[in-house]
Amino acid sequence: MATATVVPIVVVTLFWFLVGVVAPFFVPKGQNKGIVQLMLALTAVCCYTFWACAFIMQLNPLIGPTLSNSTLLAIQWNWEGNYANTVPPTY
């Protein structure tokens, strides 16, 4: 895996691990301690799941940009470096 993919996964996983597992131990005693702990854990699970789905969908998108034939010809003409020797395609 590339570093550009591993670093966000590790950082976000550690952040939500801290929020969902470590933070509940620091909730002060009180009448709603259990509810606050559960809220922190569920928030971490839901946010991490949402982030993971969005991140994975960006790695391999199902729907790409739709380009017309004239746009594809213009891109091909520019990327091949023929702009110095030839006339640009007509649309």
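Helices here are DSSP runs of H or I with at least four residues, numbered from the N terminus. T5 is found in one of them, helix α1. The model is predicted.

**Figure 1. Overall fold of the predicted model.** The protein has three helices and zero strands. From the N terminus on, the elements run α-α-α. Buried residues make up 13% of the 91 residues. The accessible surface comes to about 7,500 Å². Carbon and sulfur atoms hold 71% of that surface. Among contacts with a separation of 6 or more, 43% join residues 24 or more positions apart.

Figure 2. Helix α2 covers residues 33–59. At 1.5 Å a residue, its 27 residues should span 39 Å. The end C-alpha atoms of α2 are 39 Å apart, so the model agrees with that expectation. The buried residues of α2 are A44, A52 and F55. They pack against α1, residues 3–22.

Figure 3. T5 lies in helix α1. At 18% relative accessibility, T5 counts as buried. The cut-off for buried is under 20%. Leaving aside neighbours within four places in sequence, T5 is in contact with F55 and L59. F55 is itself buried, with a relative accessible area of 16%.

Figure 4. Aromatic pairs are described by two values, the distance of the ring centres and the angle of the planes. A search of the whole structure finds three aromatic pairs. In the pair W51 and F55, the ring centres are 4.9 Å apart and the planes stand at 20 degrees, so the pair is stacked. Stacked requires planes under 30 degrees apart. Both residues lie in helix α2, four residues apart, about one turn of the helix. Residues three or four places apart in an α-helix point the same way, because there are 3.6 residues a turn. Ring pairs link Y48, W51 and F55 into a cluster. W51 is partly exposed, with a relative accessible area of 22%. F55 is buried, at 16%.

**Figure 5. The edge-to-face pair of F15 and W16.** The whole-structure search finds three aromatic pairs. In the pair F15 and W16, the ring centres are 4.8 Å apart. The planes of F15 and W16 meet at 75 degrees, so this pair is edge-to-face. The cut-off for edge-to-face is over 60 degrees. F15 is partly exposed, with a relative accessible area of 45%.

**Figure 6. Cysteines without a disulfide.** A disulfide is a covalent bond between the sulfur atoms of two cysteines. A pair counts when the sulfur atoms lie within 2.5 Å. By this rule the count comes to zero. The sulfur of C47 has its closest cysteine sulfur in C46, at 6.9 Å, too far for a bond. C47 is partly exposed, at 31% relative accessibility. C53 is also partly exposed, with a relative accessible area of 47%.

**Figure 7. Q37 and its contacts.** Q37 has its place in helix α2. Q37 is partly exposed, with a relative accessible area of 25%. Not counting residues up to four places away in sequence, Q37 touches P24 and V27. The C-alpha atoms of Q37 and V27 are separated by 7.0 Å. Along the chain, Q37 and V27 are 10 residues apart.

Notes. Residues are numbered from 1 along each chain as its sequence is written. This is a predicted model: local features need pLDDT of at least 70, side-chain atom pairs count only at pLDDT 80 or more; totals for chains, interfaces and linings use all residues. Side-chain values use heavy atoms; hydrogens and water are left out. Rings of Phe, Tyr and Trp (its six-membered ring) pair if their centres lie within 6.5 Å; planes under 30 degrees apart count as stacked, over 60 as edge-to-face and the rest as tilted. Buried means under 20% relative accessible area, exposed over 50%, partly exposed in between (1.4 Å probe, protein chains only). Helices (H or I, at least four residues) and strands (E, at least two) are DSSP runs, numbered from the N terminus. The expected span of a helix is 1.5 Å times one less than its number of residues. Contact means heavy atoms within 4.5 Å. Accessible areas come from the Shrake-Rupley method with a 1.4 Å probe; for residues, only the protein chains shown count as cover.
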